[in-house]
Amino acid sequence: MLANPWKTLGVIAIFGAGTAMLATTVFAQEDENRRAQRAAEIFEQLDADGDGSVTQAEIEAARSGRFGEMDANGDGEVTEEELTAHIEARSARRVERAAAEMLSRNDANSDGVLTEDELGQSERGARRFEQVDTDGDGVVTREEFDTAVADRSERFRGRGKGRGDGPRRN
């Protein structure tokens with residue numbers, strides 16, 4: 001089975017750039033505006049006739065459409081290979097969207113690339129570093145890092161399953 005792409009991306013970001021700031025940015029929740037925007041997009045997708053309301057028939061049609069996307073060969077059955085390909089494609093789109101959002105948030109000069117200076121100037125990143133550096137000594141130890149990753153992962157696991165309120169903006 002595939003590893004959690006968000007966790008993998010976070011580990012790559014930390015060890016690739018050497019900062020806890022990148023990992024906490026990857027694990028960070030979407031802000032309220034982004035969640036509201038996503039909810040509106042989902043509603044629009046479900047509201048197939050555009051009348052401003054969603055019927056049971058529209059929900060059933062959307063579910064059928066999702067099944068059709070997974071059933072690549074159209075035989076009415078979804079194999080493990082088809083499901084894996086579907087999940088990989090969705091994960092890739094999410095990673096691309098997260099990368100684009102991270103770029104737009106941190107690209108101070110809007111040149112389409114991030115420099116170490118731009119990432120270091122991120123106020124949000126600095127706040128997150130301070131949160132991970134729990135003893136305030138200006139250094140994130142392995143223990144502090146592991147605690148922060150576990151805390152973020154726990155928040156995301158509880159999201160939408162009646163086990164807490166999901167990730168919180170810090």
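The following exercises, with worked solutions, concern a predicted model of a protein chain.

**Exercise 1. Overall architecture**

Determine how many helices and strands the chain has, and what pattern they follow along the sequence.

Solution. Begin with the count: the secondary structure amounts to eight helices and zero strands. Reading along the sequence then gives the pattern α-α-α-α-α-α-α-α.

**Exercise 2. Burial, surface and contacts**

State what percentage of the residues is buried, what the accessible surface comes to, and what share of the contacts joins residues 24 or more positions apart.

Solution. The chain has 170 residues, of which 25% count as buried. Its accessible surface is about 11400 Å², and carbon and sulfur atoms contribute 53% of this area. Finally, among contacts with a separation of 6 or more, 37% are between residues 24 or more positions apart.

**Exercise 3. The geometry of helix H5**

Compare the span of helix H5 with the expected value, and list the buried residues of H5.

Solution. Helix H5 covers residues 80-106, a total of 27 residues. From its first C-alpha to its last, H5 reaches 38 Å, which is close to the 39 Å expected at 1.5 Å a residue. The buried residues of H5 are Glu 82, His 86, Ser 91, Ala 98, Met 102 and Asn 106.

**Exercise 4. The setting of His 86**

Is His 86 buried or exposed, and which residues does His 86 touch beyond its neighbours in sequence?

Solution. First, locate the residue: His 86 belongs to helix H5. Next, apply the cut-off for burial, which is under 20% relative accessible area. His 86 has 14% relative accessibility and therefore counts as buried. Leaving aside residues up to four places away in sequence, His 86 touches Glu 69 and Met 70.

**Exercise 5. The backbone at Ser 110**

Describe what sets the phi of Ser 110 apart, and where Ser 110 is placed.

Solution. Ser 110 has a positive phi of about 55°, although it is not a glycine. Ser 110 is found in the loop between H5 and helix H6 (116-120). With 64% relative accessibility, Ser 110 counts as exposed.

Definitions and conventions
Residues numbered from 1 in each chain as written. Predicted model: local features only at pLDDT ≥ 70, side-chain atom pairs only at ≥ 80, totals over all residues. Heavy atoms only, no water. Helix = DSSP H or I, 4+ residues; strand = E, 2+ residues; numbered from the N terminus. Expected span 1.5 Å × (residues − 1). Buried < 20%, exposed > 50% of the residue type's maximum accessible area, 1.4 Å probe, protein only. Contact = heavy atoms within 4.5 Å. Areas by Shrake-Rupley, 256 points an atom, 1.4 Å probe, with all protein chains shown as cover.
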